[in-house]
Amino acid sequence: MIAKILVTLVWAACLILLNKALSDVTWAQYVATFVMAGLYSLVLTKMTGPRNQTQQ
């Protein structure tokens, strides 16, 4: 649970920095936000948690 919170905070900081760096190019901000959202979804999906672990 704490790992997901840390991932979220790091992702949000990266997204803010990326949007500030691309502040003059609106279309690039949209593309970057879309890509970052996909990466965020992928990372959270791949993270193992109590529900995702299989018992053997």
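**Figure 1. Overview of the predicted chain.** The accessible surface of the chain is about 4,800 Å², and 69% of this area belongs to carbon and sulfur atoms. The chain contains two helices and zero strands; helices (H or I, at least four residues) and strands (E, at least two) are DSSP runs numbered from the N terminus. Of its 56 residues, 12% count as buried, where buried means under 20% relative accessible area, exposed over 50% and partly exposed in between (1.4 Å probe, protein chains only). The model is predicted, with local features needing pLDDT of at least 70 and side-chain atom pairs pLDDT 80 or more, while totals for chains, interfaces and linings use all residues. Residues are numbered from 1 along each chain as its sequence is written, and side-chain values use heavy atoms, without hydrogens and water.

**Figure 2. The aromatic pair.** The structure holds one aromatic pair. Trp11 and Tyr40 form this tilted pair, with 4.7 Å from centre to centre and 35 degrees between the planes. Rings of Phe, Tyr and Trp (its six-membered ring) pair if their centres lie within 6.5 Å; planes under 30 degrees apart count as stacked, over 60 as edge-to-face and the rest as tilted. Trp11 lies in helix H1 (residues 2-21) and Tyr40 in helix H2, 29 residues apart, so that the pair links distant parts of the chain. Trp11 counts as partly exposed because its relative accessibility is 21%.

Figure 3. The buried residues of H2 are Ala28, Gln29, Ala32 and Met36. They lie on the same side of H2 because they cover an arc of only 95 degrees around the axis, the arc being that of the directions from the helix axis to the C-beta atoms. The face turned away from this buried side carries the exposed residues Trp27, Tyr30, Phe34 and Thr45.

Figure 4. Phe34 belongs to helix H2 (residues 26-46) and is exposed, with a relative accessible area of 67%.

Definitions and conventions. Accessible areas come from the Shrake-Rupley method with a 1.4 Å probe; for residues, only the protein chains shown count as cover.
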